[in-house]
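Hi,

Here is the structure you asked about. My notes follow below it.

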Amino acid sequence: LGRYVSKWNKAGSEGLRHTMTYLHGNPISTISFRVLQSSEQGAIHAVAYGDASFGHCCSTARSTSGYCSYIQCGIFSYLVDWGSRRQRVVATSTAEAELVALHELMKRSLLR
């Protein structure tokens, strides 16, 4: 949906409708934001997840990469960064798209 913010169109409306329908049908799926107060609960770990959608863009045949990064402290996870964007290269397979997504995630995680 982020790519439609600057120029909203029918595809953006359909994407928003699809997202809202999914969230309404899956009430267990939640997005929560908490404030990290102290490290008394144990060690603090950085965790990141990435994924790719192979050849998702019809006009350019490029895949879409997405990621989210968390700080884990005890039983709590705190979302600290997330994003989604079209890949710079055209992947020739799902495996290649996943590797490109992993490469971008590692660059973002290690260099920031």
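R17 and E14 form a salt bridge, with their closest N and O atoms 3.1 Å apart. (A salt bridge here is a side-chain nitrogen of Lys or Arg within 4 Å of a carboxyl oxygen of Asp or Glu.) Both residues sit in helix α1 (residues 10–25), 3 residues apart, so about one helical turn separates them. Helices are DSSP runs of H or I, at least four residues long, and strands are runs of E, at least two; both are numbered from the N terminus. R17 is partly exposed at 48% relative accessibility. E14 is partly exposed too, at 40%. (Buried means under 20% relative accessible area, exposed over 50%, partly exposed in between, with a 1.4 Å probe and protein chains only.)

Some background. This is a predicted model: local features need pLDDT of at least 70, side-chain atom pairs count only at pLDDT 80 or more, and totals for chains, interfaces and linings use all residues. Residues are numbered from 1 along each chain as its sequence is written, and side-chain values use heavy atoms, leaving out hydrogens and water.

How many salt bridges does the whole structure hold? The search finds 2. K107 pairs with E104, the closest N and O atoms being 3.4 Å apart. These two lie in helix α2, 3 residues apart, about one turn. K107 is partly exposed at 33%, and E104 is partly exposed at 29%.

Now Q87. It lies in the loop between β3 (76–86) and α2 (94–111). Q87 is buried, at 3% relative accessible area. Beyond its neighbours within four places in sequence, Q87 contacts (heavy atoms within 4.5 Å) A52, R62, S63, S65, A97, V100 and A101.

Best wishes
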